[in-house]
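Me: I would like to go through the packing of this model. Could you take me through it step by step?

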Amino acid sequence: MLVKFTSSTSGQIMMFATVARQLLEAIGKDCSARGVITTEQLPDAITRLRLAAADQKASPAATGGEPAPARNGDVDDESPTVGLGQRAFPLIELLQWTQQEDGFVLWEADRDF
């Protein structure tokens, strides 16, 4: 399932529900089918996401970074992992751009996730 984040001022991004759940939980939001990060909540949300990304860099094994698939489809133990910091970056950017113009961010999915 996909979750779409739409800024009132600067566009939209989409991500898988599992990733969206991690990011929304990091900023203290429920993973409902629809929600909002208000103008007043943007600074705190950005700070929380940055802290979650920094914590992941300090201990990548503890946060569940997933190994990148090898070319033949098998998981390669030597492959770099895609961590929470990399997954959070697009949302952090969207929130920052929205904050600059005093907007808000909505998210929506087919159902609660």
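**Core and sheet**

Reply: This is a predicted model. Its largest nonpolar core has 27 residues, and those with the most contacts inside it are Phe5, Leu91, Leu95 and Phe113.

Me: Which elements give two or more residues to this core?

Reply: They are strand 1 (2-7), strand 2 (11-16), helix 1 (17-26), helix 2 (42-58), helix 3 (84-100) and strand 6 (105-108). Helix 3 gives the most, with 6 residues.

Me: What is leucine 91 in contact with, leaving aside neighbours within four places in sequence?

Reply: Leucine 91 is then in contact with Phe5, Ile13, Met15, Leu23 and Leu49.

Me: Turning to the rings, how many aromatic pairs are there?

Reply: The count comes to 1 aromatic pair. Phenylalanine 5 and tryptophan 107 form a tilted pair, at 6.5 Å centre to centre with 45° between the planes. Phenylalanine 5 lies in strand 1 and tryptophan 107 in strand 6, so the pair ties together parts that are 102 residues apart in sequence.

Me: Is phenylalanine 5 buried or exposed?

Reply: Phenylalanine 5 counts as buried, at 0% relative accessibility. Tryptophan 107 also counts as buried, at 3%.

Me: And the sheet: in what order do the strands run?

Reply: The order is 2-1-6-3, in an open sheet of 4 strands with antiparallel pairing. Strand 2 and strand 3 (34-37) stand at the edges with a single partner strand each, so one side of each is left without a neighbour in the sheet. The twist averages 20° from one strand to the next.

Me: Over how many bridges do strand 1 and strand 6 pair?

Reply: They pair over 4 bridges, in the antiparallel sense. Serine 7 stands opposite valine 105 in strand 6.

Key: Residues numbered from 1 in each chain as written. Predicted model: local features only at pLDDT ≥ 70, side-chain atom pairs only at ≥ 80, totals over all residues. Heavy atoms only, no water. Core = buried A, V, L, I, M, F, W, Y, C linked by side-chain atoms within 4.5 Å. Buried < 20%, exposed > 50% of the residue type's maximum accessible area, 1.4 Å probe, protein only. Contact = heavy atoms within 4.5 Å. Phe/Tyr/Trp six-rings, centres within 6.5 Å; stacked < 30°, edge-to-face > 60°. Pairing = 2+ DSSP bridges. Axes fitted to C-alpha atoms, helices over the stretch in contact; angles between N-to-C directions.
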